[in-house]
Amino acid sequence: MPIRQLSSSLINQIAAGEVIERPASVVKELVENSLDAGARRIEIELEAGGTRLIRVRDDGTGIAAAELPLAVAAHATSKIASFDDLVHVATLGFRGEALASIASVSRFALTSRPRGSAHALCIEVADGRSTEPHPAQHPEGSSVEVRELFHNVPARRKFLRAERTEFLHIDELVKALALAHPDVAFTLTHDARSQRVLRVASDEAARLARVAALLGDEFAAQCLAVQHTAAGLSLHGWVGLPAAARAQADRQYFYVNGRLVRDRVVSHALRQAYSDVLFHGRHPAYVLFLQLDPASVDVNVHPAKSEVRFREQRLVHDFLFRALHEALADTRAGQGAGHAR
Ligand code: ADP
Ligand code: MG
């Protein structure tokens, strides 16, 4: 075959292959966009585990009428403009690919009304073609509707699991996003039945209640609050008491500047901090938020952005170890003496 330039819809489908693995990946991208748009309230509606319909509605800034076609174009973003912006990026998105990717593997509609505007517009994309924006009804904010995900990608469709399983993946993801955004209200509906309603948590007690709603009462009753700041790094959150450790490492939520990540440096530091208070083969539960200068962590490591690279790994490792070691000191002193609160 001769060398040829790929069509933009094929380019988008290839990009979608990297980040849009299942309905939960779509929900992640859409909710992250709503969060980046400063939403205070995010409603997620699903049908058939998200395979038939995913609708995410927010009350965020909205998109200016003239920019609607760009929002669904690949490599178009309002979040960075230069390499320097990328180094300091504080938004969850910055690649400008999600909407174009999702639209290339679904029947897609984006409706938006910018704050302060009297009019909403809707743009639809299907089979690689987008419509002219047309007038629509919508309160201030945006809605994205994704229907029949992977209708044109049989290979991906084949790997979808039962609707219930796909729903559980979405629910898990919504939990993880909601944990990091106590100041945002979330609702999750599946097949017209309400599954989660999370009101804004404005104080520490309400935040712990949200943790309890998401991680269980058992965790909330058996955890320690962590608050530690040093060398420009700040850590806060909750760690499970050793007694509440689990056989599976399934309740570990670690956020770097609001982004849920899996990182070896982090898990190693936490494992070490727990090493002398945990039985072998048990895993601590935790919800921890690390804040640091965006310039000292690279988030552009992988398209899915679930990995990061710390510029000073040793510093971060020692900081985390010290913070946790200190938080767990009492459990160490009182081992067997029932120091659980
Ligand atoms: P990225 O988030 O990486 O910029 P996306 O493809 O996810 O790329 O979105 C493209 C652009 O569309 C965003 O940069 C933003 O300007 C706009 N956008 C997408 N979703 C929303 C939303 N819910 N509210 C406001 N603007 C949005
Ligand atoms: Mg995005």
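1. Two strands are taken as paired if DSSP finds at least two bridges between them. Helices (H or I, at least four residues) and strands (E, at least two) are DSSP runs, numbered from the N terminus. With these terms, β10 and β11 form a hairpin with two residues between them, and Ala231 in its turn has a positive phi of about 50°. The two strands, β10 and β11 (residues 233-240), run antiparallel and share eight bridges. Within this pairing, Leu224 stands opposite Val239, and Val226 stands opposite Gly237.

2. This is a predicted model, in which local features need pLDDT of at least 70, side-chain atom pairs count only at pLDDT 80 or more, and totals for chains, interfaces and linings use all residues. Residues are numbered from 1 along each chain as its sequence is written, and chains are lettered from A and ligands numbered from 1 in the order in which they are written.

3. Which strand pairs with β12 in the parallel sense over five bridges? The partner of β12 (residues 252-256) is β14 (residues 286-291). Phe254 stands opposite Leu288 in β14. Contact here requires that the C-beta atoms of two residues, placed from the backbone, lie within 7 Å.

4. Helix α7 has 18 residues, and its first and last C-alpha atoms are 26 Å apart, close to the 26 Å expected at 1.5 Å a residue. The expected span is 1.5 Å times one less than the number of residues in the helix. The buried residues of α7 are Glu166, Phe167, Ile170, Val174, Leu177, Ala178 and Leu179. A residue is buried if 20 or more other C-beta atoms lie within 10 Å of its own, exposed if 12 or fewer, and partly exposed in between, with C-beta atoms placed from the backbone.

5. In a regular strand the side chains alternate between the two faces of the sheet. β1 has a parallel pairing with β8 (residues 185-190) over six bridges, in which Thr189 is the bridge partner of Glu45. β1 also pairs with β2 (residues 53-58), in the antiparallel sense and over six bridges, and Glu43 stands opposite Arg57 there.

6. β1 and β2 form a hairpin with five residues between them, and Ala48 in the turn has a positive phi of about 50°. Arg52 also has its place in the loop between these strands. Is Arg52 buried, exposed or partly exposed? Arg52 is partly exposed, because 15 other C-beta atoms lie within 10 Å. Leaving aside residues up to four places away in sequence, Arg52 touches Glu47, Arg147 and Glu148. The C-alpha atoms of Arg52 and Val146 are separated by 8.0 Å, although these residues are 94 residues apart along the chain.

7. Most residues other than glycine have a negative phi, and most peptide bonds are trans. Ala192 is not a glycine, yet has a positive phi of about 70°. Ala192 is found in the loop between β8 and β9 (193-198) and counts as exposed, because it has 8 C-beta neighbours inside 10 Å. Lys305, likewise not a glycine, has a positive phi of about 60°. Lys305 lies in the loop between β15 (297-298) and β16 (309-310) and is buried, with 20 other C-beta atoms within 10 Å.

8. Around ligand 1 there are 22 residues, of which Asn33, Ala37, Thr77, Gly93 and Ala98 come nearest. A residue counts as near a molecule if its C-beta atom, placed from the backbone, lies within 6 Å of it. The elements giving two or more residues to this shell are α2 (23-36) and α5 (98-104).
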